There are 6 protein chains.
Amino acid sequence: MKKLVSLGELLMRLSCEDALRFSQVNNFKVVYGGSEANVLITAANFGLKTEFLSVLPENDLGKSAINDLRNNNVGLNHIKFDGKRLGLYFLETGAINRPGKIIYDRENSAFSQIEPEWFDWDEIFEDCNWFHWSGITPAISAKAAKVCLHAVEVAKSKGIKISGDLNFRGNLWQYEGANSEGTMTKLVEQSDVLLAGAYACSQFFNIKDFQNNHELSKALQQKFPSLQRIAITNRKELNASHHKWSADMFTGAELLSSTEYDIYPIVDRVGAGDSFMGALIYGLQHFEDQKTLDFATAASCLKHSIVGDFNRVSKEEVLELIEGDGSGRIIR
Amino acid sequence: MKKLVSLGELLMRLSCEDALRFSQVNNFKVVYGGSEANVLITAANFGLKTEFLSVLPENDLGKSAINDLRNNNVGLNHIKFDGKRLGLYFLETGAINRPGKIIYDRENSAFSQIEPEWFDWDEIFEDCNWFHWSGITPAISAKAAKVCLHAVEVAKSKGIKISGDLNFRGNLWQYEGANSEGTMTKLVEQSDVLLAGAYACSQFFNIKDFQNNHELSKALQQKFPSLQRIAITNRKELNASHHKWSADMFTGAELLSSTEYDIYPIVDRVGAGDSFMGALIYGLQHFEDQKTLDFATAASCLKHSIVGDFNRVSKEEVLELIEGDGSGRIIR
Amino acid sequence: MKKLVSLGELLMRLSCEDALRFSQVNNFKVVYGGSEANVLITAANFGLKTEFLSVLPENDLGKSAINDLRNNNVGLNHIKFDGKRLGLYFLETGAINRPGKIIYDRENSAFSQIEPEWFDWDEIFEDCNWFHWSGITPAISAKAAKVCLHAVEVAKSKGIKISGDLNFRGNLWQYEGANSEGTMTKLVEQSDVLLAGAYACSQFFNIKDFQNNHELSKALQQKFPSLQRIAITNRKELNASHHKWSADMFTGAELLSSTEYDIYPIVDRVGAGDSFMGALIYGLQHFEDQKTLDFATAASCLKHSIVGDFNRVSKEEVLELIEGDGSGRIIR
Amino acid sequence: MKKLVSLGELLMRLSCEDALRFSQVNNFKVVYGGSEANVLITAANFGLKTEFLSVLPENDLGKSAINDLRNNNVGLNHIKFDGKRLGLYFLETGAINRPGKIIYDRENSAFSQIEPEWFDWDEIFEDCNWFHWSGITPAISAKAAKVCLHAVEVAKSKGIKISGDLNFRGNLWQYEGANSEGTMTKLVEQSDVLLAGAYACSQFFNIKDFQNNHELSKALQQKFPSLQRIAITNRKELNASHHKWSADMFTGAELLSSTEYDIYPIVDRVGAGDSFMGALIYGLQHFEDQKTLDFATAASCLKHSIVGDFNRVSKEEVLELIEGDGSGRIIR
Amino acid sequence: MKKLVSLGELLMRLSCEDALRFSQVNNFKVVYGGSEANVLITAANFGLKTEFLSVLPENDLGKSAINDLRNNNVGLNHIKFDGKRLGLYFLETGAINRPGKIIYDRENSAFSQIEPEWFDWDEIFEDCNWFHWSGITPAISAKAAKVCLHAVEVAKSKGIKISGDLNFRGNLWQYEGANSEGTMTKLVEQSDVLLAGAYACSQFFNIKDFQNNHELSKALQQKFPSLQRIAITNRKELNASHHKWSADMFTGAELLSSTEYDIYPIVDRVGAGDSFMGALIYGLQHFEDQKTLDFATAASCLKHSIVGDFNRVSKEEVLELIEGDGSGRIIR
Amino acid sequence: MKKLVSLGELLMRLSCEDALRFSQVNNFKVVYGGSEANVLITAANFGLKTEFLSVLPENDLGKSAINDLRNNNVGLNHIKFDGKRLGLYFLETGAINRPGKIIYDRENSAFSQIEPEWFDWDEIFEDCNWFHWSGITPAISAKAAKVCLHAVEVAKSKGIKISGDLNFRGNLWQYEGANSEGTMTKLVEQSDVLLAGAYACSQFFNIKDFQNNHELSKALQQKFPSLQRIAITNRKELNASHHKWSADMFTGAELLSSTEYDIYPIVDRVGAGDSFMGALIYGLQHFEDQKTLDFATAASCLKHSIVGDFNRVSKEEVLELIEGDGSGRIIR
């Protein structure tokens with residue numbers, strides 16, 4: 001089996017217990033996550049061979065950060081331990097009509113100091129058939145952007161399939177010389193599969209004034225002819241605990257649509273988009289288009305029931321949701 | 001007051017905290033439960049005199065297992081302490097579209113070694129007017145099946161009313177010589193009241209192809225003419241956290257139906273059927289048929305709000321739900 | 001800025017964890033609350049200057065009780081430490097169709113022994129433009145009723161605006177010589193703003209047989225012509241975890257109505273009415289009528305998502321709910 | 001087997017977690033205890049038949065308070081449910097050189113309103129061979145003192161053996177007409193066995209200026225000739241976590257002394273004296289004097305390792321400590 | 001680097017929180033452990049390459065059991081997933097003079113059904129220079145004994161060094177045809193290094209009446225001439241929370257002795273002997289004899305400060321304890 | 001009363017529960033602390049008026065950080081909210097012979113960007129009679145060093161008494177242009193009272209080769225003649241859970257010594273030196289020299305029993321320890 005490779009930062013997430021606000025806690029629950037790691041763990045749980053490229057500080061926190069990835073069969077042979085600090089984020093989970101809040105504390109992280117020479121790209125891309133990037137990595141630092149572009153170029157030169165997730169984050173892209181449009185254009189131009197969103201398209205590429213996902217997809221494909229599949233997730237937020245969730249995928253020929261899931265009461269929504277992406281990558285290698293879209297949507301629906309950024313569901317569990325009645329009946 | 005007697009295994013339940021999966025926990029919450037004990041505790045909380053017949057290992061776990069039963073006035077004068085291990089089950093609670101999972105670890109339990117001579121049946125059935133069995137007991141071991149049949153026969157011979165709950169469990173009935181149809185037929189033939197279900201009827205008795213609960217009831221009564229009341233609960237699982245719940249009861253003459261309750265977000269659904277059964281037994285001794293059905297349905301609706309297998313509600317609380325507005329308003 | 005003053009008891013709340021019943025807990029979660037303190041903390045979080053008048057025992061519990069008030073900028077310069085015990089209440093949170101239960105243990109509290117001479121009323125009302133009372137205080141003891149009336153009279157004599165919340169509690173008003181109708185009449189007669197409810201009006205003033213909030217408001221204003229604004233909250237309890245919540249305000253000229261919020265799954269409903277009152281007092285000083293009503297309704301909607309009696313939301317968060325889409329989207 | 005009866009109040013204990021101070025907690029751990037209940041549970045765990053006489057409020061707290069007693073085989077056939085509130089105490093556990101702190105909140109408890117007519121004394125003392133009282137009960141209220149004296153007199157008249165524990169508490173004896181010396185004199189005069197202490201003897205009876213436990217014992221026996229055994233525990237407090245613990249017993253003829261135990265790090269010292277008393281009562285009925293003293297001292301040594309007021313050790317565990325090496329080796 | 005291989009059962013440990021007794025808990029803390037796994041994790045943390053041979057049920061519990069081993073670099077390439085249940089043990093931690101208690105529930109575990117054919121012994125022993133066994137494995141079942149002997153024989157035939165730990169457990173060796181003396185003799189006869197103890201020697205080999213560890217060692221070596229090193233740990237149990245701990249090692253020529261450590265207050269003593277064994281194996285490959293003994297004693301001293309069966313200390317931390325002052329000063 | 005002012009950083013401390021290692025936790029306990037804040041809270045609890053100067057990020061974490069200071073009466077009128085992040089440190093508590101570990105993550109904190117113009121020094125030093133600094137502040141950044149020196153100079157110019165704590169931290173003093181000897185010399189030269197230590201003196205000032213605290217004190221005073229009192233704490237670490245603790249104070253004329261406390265089992269040692277310093281400042285204003293030293297030593301002894309960096313003991317509790325028997329007897 002050929003492997004899926006991705007490059008990204010892994011953050012420690014410190015979250016308030018239950019529905020408590022930051023001002024009420026004397027305890028933080030600890031998990032780890034990051035968009036690209038979230039994609040890989042999803043794919044690894046479905047059976048893909050994966051490899052995660054990252055930089056972590058060489059202390060007990062950096063070492064602990066990858067335990068869950070290791071236990072879920074994500075390859076960790078190229079983790080670089082260097083630099084001072086692990087990026088963090090603090091999460092206050094929303095409830096009912098009160099939105100969740102995230103406070104990022106990731107500046108000057110070990111990952112932001114990443115250098116291309118720290119990685120043996122030939123070894124990394126041996127037996128690799130897919131590279132995935134997200135728009136968060138080039139937004140962290142000039143060095144991270146450089147390494148991300150480098151990885152995409154090397155992968156492209158080796159004929160490896162490339163996917164990306166736009167993942168616009170307004171509070172990043174703050175480093176000196178940051179050029180989000182230019183950088184993202186270079187990344188998307190070399191990609192075969194893209195997870196996009198209306199807001200990200202307007203922010204990055206000034207693509208606006210489309211009526212629906214079909215038009216948006218066509219506009220994207222016109223601008224980036226290499227894109228063979230464009231996926232868009234649709235989240236309707238009734239309140240912080242109750243969402244409706246579906247997705248569309250443009251195949252070049254047509255726009256396919258998934259079932260819409262009614263999701264309540266939400267356990268943890270962080271990482272849902274990433275679990276969609278991981279399942280999409282798996283699906284495109286194993287299923288035809290409509291089943292791929294259904295599989296990715298169901299996998300990310302299930303993510304909302306899992307504590308932490310990482311999706312912890314098996315292929316069988318996703319298929320049961322697609323084929324079954326979604327009844328959540330106890331399995332004895 | 002005459003007493004209600006039942007015979008069954010008590011298990012330790014080890015459940016994951018909150019919505020965590022088995023792979024995430026470093027802690028199990030501990031409660032105890034078992035179908036027949038669940039029936040008795042429900043009835044005892046409504047005011048019936050009860051007696052629980054069971055076998056437990058003579059160690060600290062076996063002794064602790066019955067504390068909650070004792071504190072809820074279930075009679076424990078005939079518990080036999082013998083054998084090596086307490087049966088266990090591990091529970092991962094479902095959430096949203098992710099089903100709950102149960103891992104049983106009950107083989108070779110103390111209860112499975114049960115012998116009829118360990119019990120003084122004459123003393124047990126003195127001042128007893130009702131014996132209840134469930135289809136789980138004869139499914140555990142040949143010895144358990146033998147004792148269950150013995151108990152029903154002795155009770156029958158003493159003119160005691162008998163109720164049963166089919167409770168089909170596909171992962172039991174594994175012992176050498178197990179004959180589920182033959183055993184269940186003997187048990188139901190001697191019973192006056194039965195809690196049935198479509199799936200169990202097809203599995204045990206090959207009763208299929210009925211259109212509705214009315215037809216199913218009639219088919220059952222035809223096969224088992226001793227049955228005076230047949231109850232069927234209806235669970236519609238919208239997702240793992242949201243069910244609709246109602247019940248029907250066949251009186252021989254007609255099929256009565258209860259209100260349908262909309263139950264969300266579910267706290268703990270384990271034992272809901274048993275709490276229905278316990279309330280049904282109480283109701284049939286105190287109320288007319290429709291009120292009995294309403295009472296049992298409301299009692300089991302409330303069970304979904306209680307942590308653990310045991311229902312912990314009073315008769316007054318159930319009656320308030322029937323008579324009131326189900327508003328859940330705070331009682332000060 | 002002129003300050004808002006209120007007088008009331010602060011209680012320790014001991015609540016069961018999660019959905020556990022009293023018989024299941026070996027742990028109580030501790031927060032503090034009381035109708036008037038709840039009003040003040042809400043207003044203080046919006047930016048009003050506030051002062052809380054109360055009596056607490058001079059022990060570690062009494063001292064700890066006011067920490068959260070202090071941390072939320074409620075003025076505590078006139079707290080009197082005297083007497084023996086802190087009033088308590090025990091809370092079993094309801095779930096689904098099972099109502100919550102409260103056991104009060106507040107008799108003979110330090111507050112119930114309150115004396116008017118313990119407070120320097122001139123200093124208290126310096127730079128004060130609003131005094132708020134609730135119907136709980138005069139219901140506690142003859143002494144508390146006396147001090148409450150005294151405070152209202154002094155405030156009135158100084159031209160300070162006065163608001164009240166009827167807050168009928170059937171289990172109070174037990175002291176010798178208690179005269180709820182007479183006392184409440186005197187309090188309301190001197191008030192400018194009132195938070196009322198149908199049940200309280202019938203219990204206190206025998207005002208019945210009105211068809212709707214408009215009629216009730218007119219009846220109240222006829223009886224108490226000093227009332228310039230009468231607010232009424234409307235809670236529809238679908239079950240203990242799901243309510244609909246809206247409010248009306250009578251301006252003398254017309255009855256304004258708010259949006260209705262669909263609130264589920266409820267985190268903590270205690271203190272929602274008080275958070276409405278605190279936001280109403282803030283609104284009446286900063287907004288026109290309709291926005292005031294919308295602001296108070298949204299603030300109290302948000303309270304249902306906060307653990308504890310105290311509302312912990314900012315003015316900005318409330319305005320976002322009014323102006324936004326209530327989507328509960330994560331704020332990064 | 002004849003039974004041991006005692007009369008006393010049961011309190012809810014709300015304690016801070018770990019080494020936290022009152023100002024740091026947002027959680028209280030809940031157990032129940034009271035000197036006389038502590039004595040009975042100890043004796044019941046050794047195999048004595050026991051009966052607890054008490055008054056509890058008829059609410060969920062009062063009902064929950066006796067669960068542990070029931071589960072440890074303390075007889076509860078004469079509990080009276082009446083009155084409003086359960087007595088409470090709040091505990092901040094000490095650590096190292098920081099003393100523990102207790103805040104009592106037991107005034108006006110259900111027990112303090114006790115009436116002699118609530119109990120059927122003839123039935124209570126049927127098949128009873130021992131009545132135990134402690135100096136806490138007559139210190140609570142005039143009514144409690146009256147019932148305590150009544151119980152001792154009835155027991156005496158029936159030839160039942162009587163033991164007492166002086167248990168001086170400076171913060172009690174506050175009720176109108178309290179006469180500690182007179183009341184205690186009447187109680188001790190009718191007793192056969194007494195657990196005494198130097199400070200209590202000086203406070204109650206002005207017995208001072210003795211050099212050692214032998215002299216104190218002789219002085220006590222001179223004043224109260226009915227006393228056949230006088231026990232005195234010796235606690236040397238090195239710090240809040242490390243005590244030395246031994247005891248003496250005067251037989252009329254001589255002063256016997258126990259081993260001294262070195263106890264650290266203490267888990268929970270509350271109720272250690274009561275567990276000594278319960279073991280003494282058991283021992284005096286089953287062992288000769290020296291073994292009785294050794295048994296009671298070892299039982300109370302073990303109490304320091306048990307969370308909560310109640311001692312939860314078996315006779316076998318105590319005997320192993322006496323006979324063994326105190327090594328605390330794991331029992332597999 | 002050549003690897004260390006061992007074969008053994010991995011158990012789930014369910015332990016009471018804090019100092020609570022079995023009758024008090026409604027929660028169990030979960031860790032995993034087993035003598036041979038404990039040895040391997042210790043050695044892996046020091047830098048040895050390791051491989052664990054075991055059988056686990058193919059369910060979520062079996063899969064979770066090895067997560068910590070994987071995260072501590074124990075090789076898991078030959079784990080066999082087969083059979084029904086994971087062996088369990090319940091632990092009540094002792095305190096002060098109260099001994100800890102263990103309730104085993106490991107009969108019929110997946111491991112007990114082990115078959116030699118499930119393992120590719122040639123692949124397992126490739127690049128292996130050390131095989132370790134413990135006396136627990138052959139005590140579990142006839143099949144386990146057979147596989148253990150088989151492994152030792154194959155290893156011996158390949159010239160691999162062999163160590164063993166007698167580990168006598170009175171409650172095992174219960175299977176039909178169990179012959180502890182014969183089996184153990186065959187195992188020790190083929191071993192180079194042995195961890196022994198006085199009690200185990202008397203139980204297994206009837207070696208008694210020696211005066212000290214030197215004599216015991218000589219007797220053992222006389223009986224088993226292949227033994228090049230015999231280690232004996234010395235635990236003096238002052239109470240359940242305070243031990244003194246040292247060890248001796250016989251080199252054939254002389255008996256070396258380690259420092260004695262004063263260990264209090266003990267965090268978790270389970271697995272201390274195994275951590276000694278793992279460090280001994282490491283030491284014998286890296287240090288001279290006295291340093292090896294000091295290293296193993298210090299490593300196992302540190303184990304008493306670690307929660308769970310597994311030792312989680314680095315080589316550097318052990319060396320600092322040997323070379324430093326044991327002051328436990330904070331490392332910043 | 002005149003006030004005590006200090007300037008320093010406040011950090012969030014994230015600590016492992018119980019004795020768990022970093023690799024074992026999925027939860028961090030949260031408290032806040034910092035050397036200077038620790039000094040102020042100690043002094044405030046004894047009754048001094050205090051004012052804390054610091055910089056915190058204007059987010060929910062920065063605001064929550066000062067809650068405990070506010071609740072313990074530390075003045076917060078000059079806190080500056082500015083900058084991006086709160087400094088953090090992660091704590092793994094040691095146990096027995098395993099040392100504690102701290103991982104700092106405080107670079108680029110809001111405090112490190114401090115500017116002198118952010119503070120109104122005249123207002124700050126109005127009604128101030130004491131300024132305290134610690135060697136941590138000038139070690140953080142060039143800006144922090146500049147503000148610290150500025151504060152000392154302004155205070156000196158206003159005739160305010162100045163104390164300092166050398167507090168050498170090898171992992172700080174990393175900023176460009178850092179000159180620890182020069183900076184510290186300027187700070188100490190202007191100080192009246194100093195808390196010193198042997199290691200800090202050798203690191204900062206190359207003062208070595210003294211035989212005892214007396215000689216060290218004399219050498220310090222010779223170098224810094226302004227010093228009127230020099231205090232030195234003596235910590236003997238038997239293991240991570242058991243220390244001996246005493247202190248000396250040089251008055252210019254003589255070296256006074258305190259009692260030595262035997263401290264075990266330690267609850268939390270972080271901040272013990274700071275609590276000594278806070279008590280010393282209080283003592284020097286209220287007691288003669290020997291009592292001051294005894295008071296400061298006892299206060300810091302008690303700190304070891306308190307969870308968190310902050311000491312939470314009253315003046316009365318410290319005096320009881322000095323005057324009493326240190327028995328840790330429960331206060332009822």
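The exercises below, each with a worked solution, concern a predicted model.

**Exercise 1. The interface of chains E and B**

Determine how many residues of chain E are in contact with chain B, and which elements of chain E give two or more residues to that side.

Solution. Start with the count: 21 residues of chain E are in contact with 21 residues of chain B. Next, assign them to elements. Those of chain E that give two or more residues to the side touching chain B are β3 (27–33), α2 (60–65) and β8 (101–105). Finally, sort this side of chain E by class: eight residues are nonpolar, six are polar and seven are charged.

**Exercise 2. Strand pairing across the interface**

Find how many bridges join β3 of chain B to β3(E), and state which way the strands run.

Solution. Take strand β3 of chain B, residues 27–33. Three bridges join this strand to β3(E), and the two run antiparallel. For one residue pair, look at K29(B), whose bridge partner in β3(E) is N27(E).

**Exercise 3. The relation between the copies**

Identify the rotation and shift that superpose chain E on chain B, and state what kind of axis relates them.

Solution. The superposition of chain E on chain B takes a rotation of 180° with 0.0 Å of shift along its axis, at an RMSD of 0.0 Å. That is the relation of a two-fold axis. To place the axis in chain E, find the nearest C-alpha: it belongs to F28(E) and lies 2.6 Å from the axis. Then compare the two sides of the interface. Of the interface residues of chain E, 100% are also interface residues in chain B, so the copies meet through the same surface.

**Exercise 4. Chain pairs without contact**

State how far apart the nearest C-alpha atoms are in the pairs A and D, and B and F.

Solution. Chain A and chain D do not touch, and their nearest C-alpha atoms are 9 Å apart. For chain B and chain F, which do not touch either, the nearest C-alpha atoms are 9 Å apart.

**Exercise 5. Packing of α10(E) and α11(E)**

Describe how the axes of α10(E) and α11(E) cross, and which residues meet there.

Solution. Helix α10 of chain E covers residues 272–286 and helix α11 of chain E residues 289–303; their axes come within 8 Å and cross at roughly 150°. Angles over 145 degrees count as roughly antiparallel, and the two helices are therefore roughly antiparallel to each other. The crossing of α10(E) and α11(E) is right-handed. In α10(E), the residues that meet α11(E) include F276(E), A279(E) and L280(E); among those on α11(E) are F295(E), A296(E) and A299(E). The residues of this contact divide into eight nonpolar, six polar and two charged.

Definitions and conventions
Residues numbered from 1 in each chain as written. Chains lettered and ligands numbered in written order. Predicted model: local features only at pLDDT ≥ 70, side-chain atom pairs only at ≥ 80, totals over all residues. Contact = placed C-beta atoms within 7 Å. Helix = DSSP H or I, 4+ residues; strand = E, 2+ residues; numbered from the N terminus. Nonpolar A, V, L, I, M, F, W, Y, C, P; charged D, E, K, R; others polar. Pairing = 2+ DSSP bridges. Least-squares fit on C-alpha atoms with pLDDT ≥ 70 in both. Axes fitted to C-alpha atoms, helices over the stretch in contact; angles between N-to-C directions. Parallel < 35°, antiparallel > 145°, perpendicular 65-115°, else oblique. Left-handed = near helix turned anticlockwise from the far one by under 90°.
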